[in-house]
Amino acid sequence: FHLSHKVTRVVPESALLIVLGIVLGGIVLAADHIASFTLTPTVFFFYLLPPIVLDAGYFMPNRLFFGNLGTILLYAVIGTVWNAATTGLSLYGVYLTGIMGKLNSGVLDFLLFGSLIAAVDPVAVLAVFEEVHVNEVLFIIVFGESLLNDAVTVVLYNVFESFVAIGPTNVTGIECLKGIVSFFVVSLGGTLVGIFFALLLSLVSRFTKHVRIIEPGFVFIISYLSYLTAEMLSLSAILAITFCGICCQKYVKANISEQSSTTVRYTMKMMASGAETIIFMFLGISAVNPDIWMWNTAFILLTLVFISVYRVIGVVLQTWILNRYRTVQLEIIDQVVMSYGGLRGAVAFALVALLDKDKVHDKNLFVSTTIIVVFFTVIFQGLTIKPLVQWLKVKKTEHREPKLNEKLHGRAFDHILSAIEDISGQIGHHYLRDKWSNFDRKFLRKILMRRSAQKSRDQILNVFHELNLKDAI
C-alpha cells in the first residue's frame with residue numbers, strides 16, 4: 001500500500017486491509033472448507049489493543065487534550081450513553097411492531113447490543129483522520145472522544161451483560177443504582193491505576209542513568225502492567241493504559257536518553273501499526289466464517305439508520321450546550337465532520353464475539369449486524385470523509401515548530417489570562433493550569449525528574465545555547 005500513494009490517497013489503509021482480509025479468508029475457506037482464523041476477544045483485548053492505546057496516550061498532545069477535556073468527556077460519556085440507550089430502545093420499539101419477525105431477545109438484549117455498537121473505534125478514526133489532516137481542536141475532540149468512548153462502552157457493556165445474566169425480572173431499582181455506581185467506580189478506578197503506574201514509571205526512569213540499554217523496556221513493561229492490573233481488579237484497563245501514557249510522557253522523555261527516546265518512539269509506533277494491520281486483516285478474515293452469519297434485513301438496515309441519526313442528534317445537542325461555555329466555538333462544519341467521524345471497528349466486534357450464546361440467543365444476528373456496521377463505516381465513511389472535508393473546506397492543520405517569539409507570546413498570554421481569572425475571582429482552566437504548573441514545578445519535577453533534566457528544561461537557555469553554537473560554527 002505504501003509504495004503506491006495513488007491508492008492510499010483515495011482508499012484508507014484500514015479499508016484496503018479489510019478487503020485483503022476477506023480475500024485471504026475466502027482462499028483459506030475454499031482450501032479448508034472451514035474458517036480457520038477468527039479474531040478472538042482474548043487476543044484482541046490482551047495483545048492487540050494495549051499497544052494502540054498506549055501509543056495514543058504516550059504521544060497525546062497534553063495541552064490540547066486537557067484544554068478540551070470537558071468537551072471530550074461530555075461527548076465520550078453522555079454521548080455514548082445517549083447513543084447506546086436510543087439505538088437499543090429504538091430497535092426494541094421497532095421489533096415490537098413485528099417488522100423484524102420472530103427474535104428471542106428482550107429489551108435488555110437490545111440495550112446490550114446498543115451499548116456495544118456505540119463503540120467508536122480509535123484505530124479506525126486515527127487511520128482516517130491522520131490522512132485527512134483536520135485542525136488540531138477538531139482532531140483532539142474526535143480522537144479523544146473515540147479513545148475514552150471505548151472505555152465507557154466496555155463498562156456499559158459489562159453492566160448490561162450482568163443485567164442479562166440475572167434476568168430482566170430481577171433488575172430492580174437497586175440493581176440499576178449499583179450499575180450506575182459501578183460505572184463510575186470502574187472508570188475512575190482505571191484512571192487512578194493509570195496515574196499510579198505513570199508516577200511509578202517516571203520515578204523508575206529517574207534512576208536508569210547507568211542502565212540506558214534497558215530504559216525502553218521499563219516504558220513498555222510498566223505501561224502494560226497498568227493495563228493488566230486494572231483488568232485484574234475489574235477496572236477499566238483502557239483508561240488505565242491511556243492515562244499511564246498521558247501522565248508519564250513529560251517526565252519519562254526528560255529522564256531517558258535521546259537514543260532511548262528514539263527507540264521508544266519507533267518501537268511504539270511499529271507495534272501500534274502492526275496491531276492495527278492485524279486487527280483490520282482479521283476483521284476481513286473473520287467475516288468469511290459461514291457459521292456466524294444470520295440475516296435479518298430490517299434489523300441490519302435499521303441499526304445502520306439509527307446509529308447514524310442518533311449520532312448526528314447527539315453531536316448537535318451536545319455542541320449547542322458546549323458552545324455556550326466554549327471560547328472557541330464548534331461550527332456547523334465541525335459538527336458535520338464529528339458526526340461523520342463515528343467509525344465503528346474492532347472494539348465492537350470483539351465485544352459482540354464475547355457474548356454468551358446461552359444467555360443472548362440472537363448472538364449470531366448481533367455478530368452479523370456488527371460486521372456489516374464495521375464494514376459500512378470503515379469502508380464507505382472512510383472513503384467519503386476525505387472528499388467531504390475538502391468539499392466543506394474544513395480548516396486544516398499545519399505541522400511546524402513554533403518560533404521562539406510565538407512561544408514567548410503564548411507563555412505571556414497564559415500568565416495574563418490566569419491573572420485576569422484570579423483577579424475576577426473566576427476559577428477557569430487558565431487559572432487551574434497555572435496552579436498545576438506551579439505545583440508541578442515545586443514538587444513533582446523535583447521528585448520525578450533527575451537534576452540534569454530539570455536544568456535542561458529551560459527553553460530560553462536552550463535557544464540561547466543553540467544560537468551561540470550556530471554563531472561559533
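Helix H11 (residues 237-255) bends by about 50 degrees at Gln249, the bend being the angle between axes fitted to the seven residues ending there and the seven starting there. Helices here are DSSP runs of H or I, at least four residues long, numbered from the N terminus. Buried means under 20% relative accessible area, exposed over 50%, and partly exposed in between (1.4 Å probe, protein chains only).

All of this comes from a predicted model, in which local features need pLDDT of at least 70 and side-chain atom pairs count only at pLDDT 80 or more, while totals for chains, interfaces and linings use all residues. Residues are numbered from 1 along each chain as its sequence is written, and side-chain values use heavy atoms, with hydrogens and water left out. The pLDDT, the predictor's confidence in each residue from 0 to 100, averages 86 over the protein chain, and 97% of the residues score at least 70. Confidence is lowest in helix H19 (residues 451-456), at a mean of 69, and highest in helix H10 (residues 215-232), at 94.

Now to helix H17 (residues 404-423), whose 20 residues reach 29 Å, close to the expected 28 Å. Asp414, Ser418 and Glu421 are buried in H17. Seen down the helix axis, the buried residues of H17 fall within an arc of 60 degrees, so they line one face; the arc is that of the directions from the axis to the C-beta atoms. Helix H4 (62-67) and helix H18 (429-448) are included in what covers them. On the face turned away sit the exposed residues Phe413 and Ile423. After H17 comes Gly425, with a positive phi near 75 degrees.

As for the interior, a nonpolar core is a set of buried Ala, Val, Leu, Ile, Met, Phe, Trp, Tyr and Cys residues joined through side-chain atoms within 4.5 Å. The largest one has 126 residues, and Phe44 and Phe129 touch the most other members. Helix H8 (residues 136-166) supplies its largest share, 18 residues. Leaving aside neighbours within four places in sequence, Phe44 is in contact (heavy atoms within 4.5 Å) with residues including Leu39, Ile279 and Val347.

Terms used
Helix = DSSP H or I, 4+ residues; strand = E, 2+ residues; numbered from the N terminus. Expected span 1.5 Å × (residues − 1).
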